[in-house]
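Let's walk through this model together, starting with the overall fold and moving on to the charged side chains. Keep the viewer open as you read.

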Amino acid sequence: MKMKLATWATAALMAASPVMADLVMPSLSYRTGPYAVGGIPLADGYADYFTLLNERDGGIGGVPVRVLECETAYNTEKGVECYESTKAEGSLVYQPFSTGITYQLIPKVTADGIALHTMGYGRTSAANGKVFSNVFNYPTNYWDAASVAVNYLLDENGGDLSGHKIALVYHNSAYGKEPIRTLEGLAEKHGFELSLIPVDHPGQEQKSQWLQIRRDKPDTVLMWGWGVMNQVAVQEAANIRFPMENFIGAWWSGAEADVIPAGAAANGYKALTMNGVGRDYPIYDDIQKYVVDAGKAAGAGDQIGTVLYNRTIYAAFLAHMAILKAQEIHGVADITQAMMIDGMENLEITDEMMAEYGMPNFGPAFSVSCENHGGPGVGAVTQWDAAAGEWKQITDFAPSDKEIINPLIEEDSMAFASENNIDLRCN
Amino acid sequence: MLYREAGDFSTTYPQDSQTFPIRFDRYRYYVVLFIAIVVVPFMINDYWVNSLFMPFLIYAIAAIGLNILTGYCGQVSLGTGGFMAVGAYACYKLMTGFPEVSMFIHVLLSGLITAAVGVLFGLPSLRIKGFYLAVATLAAQFFLVWMFNRVSWFYNYSASGQINAPERDTFGILITGPSTEAWATYMFCLIFTIFSAVVARNLTRGSLGRQWMAIRDMDIAAEIIGVNPLKAKLTAFAVSSFFVGISGALFFAVYLGAVEVGEVFGITKSFIVLFMIIIGGLGSIFGSFAGAAFIVMLPVVLKIVGVDWLGWPTDIVAHLNLVIVGLLIVIFLIAEPHGLAQLWRVAKEKLRLWPFPH
């Protein structure tokens, strides 16, 4: 009887696919709900990149990639369900693109020995590989984002922020609260005044928050928003005639869908980014040729080249490189979950590699080590040009203030280690 | 035919007033219990537990709780999510404050704390009813979530504002945390579900339950025949919140392990539990189980059929789920206000007469 139920379970899971060697990449996507506006381009980019590899190269190292898409609606319960239903198929790395789901999965992947890659989101202190064995958040994280934004303001204001007023409009969740500690540290260091303005999930109603901003007249507004909250905030900022060039979003608050609804009023809005913008990269020619023209584009196929689509192209590229590394280390093409972690831990991204795969200067060059799962922590600033209808990168990838961030990472990860009785690795 | 009472005689009062007076029903109940306790734990894996059994068992407790308040006592509540949050945060504070105490005690205490909070928010029910009470409980929902987000003492001052369940055990068996065994968490929730169902069933059959139902059916008449509305309404709030608190504690500690209050215990949670008792059946313990099973299983079944077998896009299937649930709620409210439980009751009546309908 035990046998029989196990057989049913696998039969139900395997029914869709023929049994053969493949690299399973789960995609916990959210094409529905208030965060779908961000989730759709993310899911499309992730799927299209692996379709491209299958069509153009026959997979990675000769082994085809199978993308397992599972709808989470940005909901943690459904995220857990998706994780449980896909992990037994040999899923190599989870990229949930949700900080809430990330917090659920950190203990689970550690117990199950599966890699979790949270690029620029999730738990920032996972950058400390001594504590978090299976979790990676290279190339950068929220705390770097906060610091890059403040560094950018320092540059703009001649290196002096004393007396400057910064308001942080944030999604009232683990995601939105992440940068607060860093900003508080930076406020102390640089002498600016920080005010915190939370917006509750899902963020469709922000009248009172922007009324407060109009009254307080901060010099700069930073925003940690996601989903429908972004476009509402940009619209509200336009309504109170807040100068857009003083309004800077995090990298999850700077996509086309966030600014287009506000029309010309959104012109000049700035946002951080961790990857290149636009489709002026050779890889898009290949995507056009092998994916779009072949009719294999994911979703409606209308997201190609948008900011968030590019972000998952980058995420998928990093996973691709980690798989190649794992194949190289272990000498087998059909790698296991444990091998994938080795591949990610020894990952090295160089400018030549990015150029070779058609993405020159798309992101920074960096390497991952046992101790450092966080990468270099760089970010760039982009600005929306409403007339041209495109994002323009206005700074180079610049580093963050590690003097503030490293002690915070150390403190937070050590607290996690002592709470959960984790022995430090990499000794 | 299956439900023939012929030859099924009660010779004592306890026999006559037992929960399942028909022998077949009683045996079916024992078989279900036997399978749930003895067979299932040996067959389940992480997937079955985390995707189906645990959410089903936990939602069933919440549905029983809400059913006592709404189905039996007639007090409409939209605060279920907030009360679940009280259970979850109470459990978190207890787990981190007293790590050596058994999880059983923590969960029960969380239920009691929620009961106290529930009574507090139940006080307005003495003055207002119907839609106005629904709005008052809605205020409780938003207030509680806001408070757990705002006051950092509740989440032990963690930077993310999340609560994370540390590893805790009972009788040396791990119940919370990532390295639990599937059967252990299943059994832990099952014990609470059976306990809740048995207690709720017997409460609703006794004098307290009759008082609740009298208040539900017509509060002025109930008062005239001697039912104390203060006592009846507040006990309904207390008992209901006790169960809802237990389910919130289990939801956080055993099922999810990490919780962000606005997302997990938001207004949607209140609605989901309300949908469960509407579809399952107001004023029925069996209905609570049927509704919970239905709402938990529908997306999983749709996903297996739609995505895995038929290869449909995941977003279409997710939207289909919403459409089906919405449609069913409308249909049930119009065609069968007593829900799946009533369908089951009708089926039983028919089976009793079958194959001779007259």
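Helices (H or I, at least four residues) and strands (E, at least two) are DSSP runs, numbered from the N terminus. This is a predicted model, in which local features need pLDDT of at least 70 and side-chain atom pairs count only at pLDDT 80 or more, while totals for chains, interfaces and linings use all residues. Residues are numbered from 1 along each chain as its sequence is written, chains are lettered from A and ligands numbered from 1 in the order in which they are written, and side-chain values use heavy atoms, with hydrogens and water left out.

Let's begin with chain B. Its secondary structure comprises 15 helices and four strands. The radius of gyration of chain B (taken over C-alpha atoms) is 21 Å. The globule rule (2.2 Å times the number of residues to the power 0.38) gives 21 Å for 358 residues, so chain B is as compact as a globular protein of that length. Its C-alpha trace spans about 70 × 55 × 45 Å along the principal axes. In chain B, 51% of the 358 residues count as buried, where buried means under 20% relative accessible area, exposed over 50%, and partly exposed in between (1.4 Å probe, protein chains only).

Now for the charged side chains. Side chains of opposite charge can pair when their charged atoms come close. A salt bridge here is a side-chain nitrogen of Lys or Arg within 4 Å of a carboxyl oxygen of Asp or Glu, and a search of the whole structure finds 25 of them over all chains.

Which residue pairs with Arg66(A)? Its partner is Glu89(A), with the closest N and O atoms 3.1 Å apart. Arg66(A) sits in strand 2 (residues 65-71) of chain A and Glu89(A) in the loop between helix 3 (76-87) and strand 3 (93-94), so the pair ties together parts that are 23 residues apart in sequence. Both Arg66(A) and Glu89(A) are buried.

Another salt bridge joins Glu77(A) to Lys269(B), at 2.4 Å between the closest N and O atoms. This pair crosses between chains, from helix 3 of chain A to helix 12 (residues 267-280) of chain B. Glu77(A) and Lys269(B) are both buried.

Back within chain B, Asp25(B) forms a salt bridge with Arg28(B), their closest N and O atoms being 3.0 Å apart. Both lie in helix 2 (residues 23-39), three residues apart, about one turn of the helix. Asp25(B) is buried, at 3% relative accessible area, whereas Arg28(B) is partly exposed, at 27%.
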